[in-house]
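Where does this structure hold its salt bridges, and how is each one placed? The paragraphs below go through them in turn.

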Amino acid sequence: IAGGLGDLGKRISQFLAEKGGGHVVTLSRRTLENGVRAEFENDIKKAGATLHIVKCDISDEISVRNAAEYCSTLPPVKGIIHCGMVLQVSAFLIHGVTY
């Protein structure tokens, strides 16, 4: 799951674990605080799966190759889900009203 440490990625990880996904791999540029990471791993384990958190920037070829090398030690990939996004919130003015 690319973008797997965001809210959507975590929810999909949980869903996949509950539906029999034995190994769930999350790819993300960011890291989680130790307590949050342990809770996430524990939730996935309780659902019957193993969570693999892989630091990876999917826009960087070397980073993706490193992630693929890590995943080559796991059972075959059954699916890829992209949950990464960047939100930019800004105000704009239309007819004198700020939105």
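**Salt bridges within the helices**

D7 and R11 both belong to helix α1, which spans residues 7-18, and they sit four residues apart, about one turn of the helix. The model is a predicted one. Between these two side chains there is a salt bridge, with an N to O distance of 2.8 Å. D7 has a relative accessible area of 51% and is exposed, since the cut-off for that class is over 50%. R11 is exposed as well, at 58% relative accessibility.

A search of the whole structure finds three salt bridges. Side chains of opposite charge can pair when their charged atoms come close.

R37 has a relative accessibility of 32%, so the residue counts as partly exposed. E41, at 29%, also counts as partly exposed.

Helix α3, residues 61-71, holds E61 and R65; because they are four residues apart, about one helical turn separates them. The salt bridge joining the side chains of E61 and R65 has an N to O distance of 2.7 Å. With 52% relative accessibility, E61 counts as exposed. R65 is exposed too, its relative accessible area being 55%.

Methods: Residues numbered from 1 in each chain as written. Predicted model: local features only at pLDDT ≥ 70, side-chain atom pairs only at ≥ 80, totals over all residues. Heavy atoms only, no water. Salt bridge = Lys/Arg side-chain N within 4 Å of Asp/Glu carboxyl O. Helix = DSSP H or I, 4+ residues; strand = E, 2+ residues; numbered from the N terminus. Buried < 20%, exposed > 50% of the residue type's maximum accessible area, 1.4 Å probe, protein only.
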